[in-house]
Amino acid sequence: MDAGALEASTLAERADAIDQLHALVTVAHSQLLQVVAECDRREDWREDGATSMADWLVARLGIAHRTAREWVRVARSLETLPRLAATFAEGGLSFDQLAPATRLAQPETEAAMAADAPGLSVAQLETAARRARPVPVAEANEDHRRRYLRFRWDDDDRFLRISGRLADAEGAVVAAALGQLAADAPPHPVTKVYEPFESRCADALVELASTRLATEAEADRAMVVIHTDPAVLGGAEGWAEIEGGPSIAAETARRLACDCRWQLVAEDDKGRALGLGRTTRQTPRWLARQVRRRDGGCRFPGCARKRWLHSHHLRWWIKGGPTDPDNLAAICGYHHRLVHEGGWRVEGDPEEELRFVHPLGKVLSTRPVPLRSEVRERLLA
């Protein structure tokens, strides 16, 4: 169908074109798999120095390794499953249906599978294939042995790159914890727009790493060593960096100093230490518990989070603000970042009312909005 015919086509014609072109792709794919199986049997890949048929396909076709391995597996399986091969060659099955069907079918059962598989969804076939193959203990132990987690700082930016894999049960625990925390993350207080789910999962990982999982969470983050111009923690702009890590924003340094274990190393412009500040925990555990009990959760208006809370100094500790209940407010990690890097400020008395002021001036209060006098007059008139 050329461009002109496509533009003039009806919905039914376009849908039929998709159906027929996909069937054509399936028939061509069937023939491709037959050749793949023959080449693998003859070990043609050795002629080009490859170590396997899958590697040879990757090099020649530019496809992913996982795709190449699945092609080879399915191609060799179809040699003993002629009914499934014929159904696929006629366009009666998609490749995504065929792949799990070849894991399920045996020579004695493939006739029934060839008849039933076209009416089953890919998800149904994948579930059946997975359940048909119990996982041996030895294989589960091998999966566990192959677990790993790697992280490194990028040379070109300020991102920590994390990669890894976990075996089934452990992976499910991590996915459930991150997914639940990400689902509970609040929207932006002004726009009411949620961050992308992947971004909220990243925040959830930070929260899990920042506190320990317990009935009563504690702000027990590892010590962060910050190298900086001393004026930064007093509110000035300037350089700051995490030891062994990247440069960070001055406001990020001030947030880290708000409620975590940190050590300030004052340096001159040549990197020589001018003084080593004391290591300090801004809020003792007993006081953090008292503040959380008083506040009942994050003090940001509308936030329902009762865990993963930070103790925020309304008046900065570095500027003489005391670590006392009347200068502390419990704020979740998301809103704590808004207060610092987001440019919000907090006003009021944490023992009574707090006001969170947006950089553009909008005020959100922890106290319910009172009935205006003109509204009261109209109601009582």
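The dialogue below works through several features of a predicted model.

User: Which classes of residue make up the lining of the second largest pocket?

Analyst: Sorted by class, the lining of the second largest pocket consists of eight nonpolar, three polar and four charged residues.

User: K192 was named in that lining; what is its phi, and where is its place in the chain?

Analyst: The general idea comes before the case. Most residues other than glycine have a negative phi, and most peptide bonds are trans. K192 has a phi near 65 degrees, which is a positive value in a residue other than glycine, and its place is in the loop between helix 10 (168-184) and helix 11. K192 is also exposed, since its relative accessible area is 56%.

User: What is the phi of E43, and in which loop does E43 lie?

Analyst: The phi of E43 is near 55 degrees, again a positive value in a residue other than glycine. E43 lies in the loop that runs between helix 2 (11-42) and helix 3 (53-61), and with a relative accessible area of 35% it is partly exposed.

User: Turning to salt bridges, what is the general idea, and how many does the structure hold?

Analyst: Side chains of opposite charge can pair when their charged atoms come close. The structure holds 18 salt bridges. One of them joins the side chains of R76 and E79, with a distance of 3.0 Å from N to O. R76 counts as partly exposed at 33% relative accessibility, and E79 counts as partly exposed at 37%.

User: Which residues are linked with R76 and E79 in a network of salt bridges?

Analyst: The network of salt bridges links E38, D40, R41 and R42 with R76 and E79.

User: What distance separates the closest N and O atoms of R345 and E347?

Analyst: R345 forms a salt bridge with E347 in which the closest N and O atoms are 2.8 Å apart. R345 counts as partly exposed at 45% relative accessibility, and E347 counts as partly exposed at 28%.

User: Leaving charge aside, which residues make the nonpolar surface patch?

Analyst: L149, F151, W153, L160, I162 and L205 make a nonpolar surface patch of about 600 Å². Strand 1 (148-153) and strand 2 (160-165) are the elements that give two or more residues to the patch, and strand 1 provides the largest share, three residues. L205 is found in helix 11 (residues 197-210), and at a relative accessible area of 40% L205 is partly exposed.

User: Is helix 14 largely enclosed by the rest of the structure or open, and why?

Analyst: The reasoning rests on a cut-off, because buried means under 20% relative accessible area. Seven of the eight residues of helix 14 (residues 333-340) are buried, so this helix is largely enclosed by the rest of the structure. The buried residues in helix 14 are G333, Y334, H335, H336, L338, V339 and H340.

User: Finally, how far apart in space are D203 and A182, and what separates R131 from L104?

Analyst: D203, which lies in helix 11, is 21 residues from A182 in sequence, and their C-alpha atoms are 7.5 Å apart in space. D203 counts as partly exposed at 38% relative accessibility. R131 is found in helix 8 (residues 122-131) and counts as exposed at 68% relative accessibility. R131 and L104 are 27 residues apart along the chain, and 9.6 Å separates their C-alpha atoms.

Methods: Residues numbered from 1 in each chain as written. Predicted model: local features only at pLDDT ≥ 70, side-chain atom pairs only at ≥ 80, totals over all residues. Heavy atoms only, no water. Nonpolar A, V, L, I, M, F, W, Y, C, P; charged D, E, K, R; others polar. Patch = residues over 30% accessible without salt bridge, like charges linked within 9 Å, V, L, I, M, F, W, Y side chains within 5 Å. Areas by Shrake-Rupley, 256 points an atom, 1.4 Å probe, with all protein chains shown as cover. Salt bridge = Lys/Arg side-chain N within 4 Å of Asp/Glu carboxyl O. Helix = DSSP H or I, 4+ residues; strand = E, 2+ residues; numbered from the N terminus. Buried < 20%, exposed > 50% of the residue type's maximum accessible area, 1.4 Å probe, protein only.
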